[in-house]
Amino acid sequence: KSGKHKKPTSAQREVREKLKALNSYLLTIADVIDAGFKKRDKKHTAINAALRYNYDHAFIVNEEQVEINYPAIVYSIGIVEPPESPVLSSSNGKIHISWYDMPQSMYCQYGDLGTVLLVNTKTKNDIGYRSICKRGDLQVSINVSFSVGSEYYCFMNFDAPDGKTQGKSI
């Protein structure tokens, strides 16, 4: 009968679970998503644009559950050059990120502003540091309270100083 709803298929349930998981995660980093995807799609919110962009590569699916594939998530896209050969290290409660100098160009200026996103996959705590450094600094150090037994991911991108153009997060 037309008034009855069929139970969703397993494929439909998986899609719903993926959308729910990815949307929940993206909402926790909404401040960096808003900046990174604000110009991507005029018809949709930045969160919806990021959801559409990341959906095809954002998951690890096993028999029991769907998990976010954190290293595959992109929180910012654009034409500003990313950091060149970034190196990540930690010591004394700080994370240190350094990158190589690059010749200046239209999309690579010493004044470009760096954003760093740290993701703790155990606690699901995400910390975004917008405009924390300039490309010309060639390094940044961030005080972090590490959780024992946690796995962290670190992402970074540069935006033009005027905020009109963004770069892809790596």
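Q: Among contacts in the protein chain between residues at least 6 apart in sequence, what share join residues at least 24 apart?
A: In this predicted model, 63% of those contacts join residues at least 24 apart, where contact means heavy atoms within 4.5 Å. Residues are numbered from 1 along each chain as its sequence is written, and side-chain values use heavy atoms, with hydrogens and water left out. Local features need pLDDT of at least 70 and side-chain atom pairs count only at pLDDT 80 or more, while totals for chains, interfaces and linings use all residues.

Q: And which residues touch the most other members of the largest nonpolar core?
A: They are Leu22, Tyr25, Leu26, Ile29, Ile33 and Leu117, out of 24 residues in that core; a nonpolar core is a set of buried Ala, Val, Leu, Ile, Met, Phe, Trp, Tyr and Cys residues joined through side-chain atoms within 4.5 Å, and buried means under 20% relative accessible area, exposed over 50% and partly exposed in between, with a 1.4 Å probe and protein chains only.

Q: What is Leu22 in contact with, leaving aside its neighbours within four places in sequence?
A: Leu22 is then in contact with Leu51, Asn54, Tyr55, Ala58, Phe59, Ile68 and Ile73.

Q: Switching topic, where is Thr45?
A: Thr45 sits in the loop between α2 (30-37) and α3 (46-54), with helices (H or I, at least four residues) and strands (E, at least two) taken as DSSP runs numbered from the N terminus.

Q: How far is Thr45 from Asp34 in space?
A: Their C-alpha atoms are 8.2 Å apart, and the two residues are 11 apart in sequence.
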